[in-house]
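Morning, everyone. Have a look at the structure first.

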Amino acid sequence: MSDHATWMAIALEEARAGGSRGEVPVGAVVVCDGVPVARAHNRTRELADPTAHAEMLALREAASQQGDFRLTDCVLYVTLEPCAMCAGAIVNSRVRQLVFAAHDPKAGMCGSLGNLVQDERLNHRVAIESGVMAEQAGELLREFFRAKR
C-alpha cells in the first residue's frame with residue numbers, strides 16, 4: 001500500500017468514528033515529515049460548532065503540536081474534498097499538499113465548484129492529489145445518508 005493509501009486509511013477510520021456518533025463521516029489526518037501529528041473527524045453536531053469540520057480540527061491540532069501555524073512540511077489527508085471554509089484554512093496553514101478521496105460536487109472547493117487552494121491570486125498554492133480511496137470514502141458517505149433517509 002502506498003503512503004497515501006496508508007494515511008487515507010487512517011482518515012477513513014476517523015470518518016467511521018464520526019459517523020458512528022451521528023456526524024457526517026469525514027476524517028482528516030495531518031502528516032508532517034512522514035509522521036502523523038493530528039487526526040480528527042467532523043464534530044459539528046457534538047460541539048454545536050459550524051467550524052468543527054475534520055480538516056479544521058486536524059489543522060488546529062497540528063499547528064498546536066508543531067508550535068506554528070505554518071505547516072509547510074505537512075500533507076493533509078481528507079476523505080472528502082474540502083469546502084470553502086476548510087480550503088481557506090488549508091491555504092492559510094500553508095500545507096504542502098492536500099490528498100483527498102472523494103470529490104464533493106455540491107460544496108467542494110478544491111476542484112469541483114472552484115479551486116481555492118490553487119488560486120493564483122493567493123500567496124500560497126497547495127499541490128492536490130484526489131481520488132485516493134475514493135470508492136471507500138464515497139460508500140461510507142452514501143451509507144450514512146441512506147440510513148438518515
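Let's start with helix H5: in the second largest pocket, H5 is the top contributor to the lining, with three residues. Bear in mind that this is a predicted model. Helix H2, residues 44-47, joins H5 as an element giving two or more residues to that lining. The pocket's volume is about 220 Å³. Its lining counts 17 residues, and nearest the centre are Val-24, Val-26, Asn-42, His-53 and Leu-80. By type, that lining splits into eight nonpolar, six charged and three polar.

Now the largest pocket, at about 350 Å³. Here 14 residues form the lining, with Asp-104, Pro-105, Lys-106, Leu-141 and Phe-145 closest to the centre. H5, residues 134-148, gives the most here too, with five residues. The lining has seven nonpolar, five charged and two polar residues.

On to the cysteines. How many disulfides are there? One. Cys-32 is joined to Cys-74, S to S 2.0 Å. The link is right-handed, with 100° about the S-S bond. Cys-32 sits in strand S1 and Cys-74 in strand S3, so the bond ties together parts 42 residues apart in sequence. Both ends are buried: Cys-32 has 5% relative accessibility, and Cys-74 has 2%.

Cys-86 is in no disulfide. Cys-83 is buried at 17% relative accessibility, and Cys-86 is buried at 0%.

Methods: Residues numbered from 1 in each chain as written. Predicted model: local features only at pLDDT ≥ 70, side-chain atom pairs only at ≥ 80, totals over all residues. Heavy atoms only, no water. 1 Å grid on protein atoms, 1.4 Å probe; cavity = no way out; pocket = protein on both sides within 12 Å on 5 of 7 lines; lining within 4 Å. Points joined across faces, edges and corners; volume = space filled by probe spheres on them. Helix = DSSP H or I, 4+ residues; strand = E, 2+ residues; numbered from the N terminus. Nonpolar A, V, L, I, M, F, W, Y, C, P; charged D, E, K, R; others polar. Disulfide = S-S within 2.5 Å. Buried < 20%, exposed > 50% of the residue type's maximum accessible area, 1.4 Å probe, protein only.
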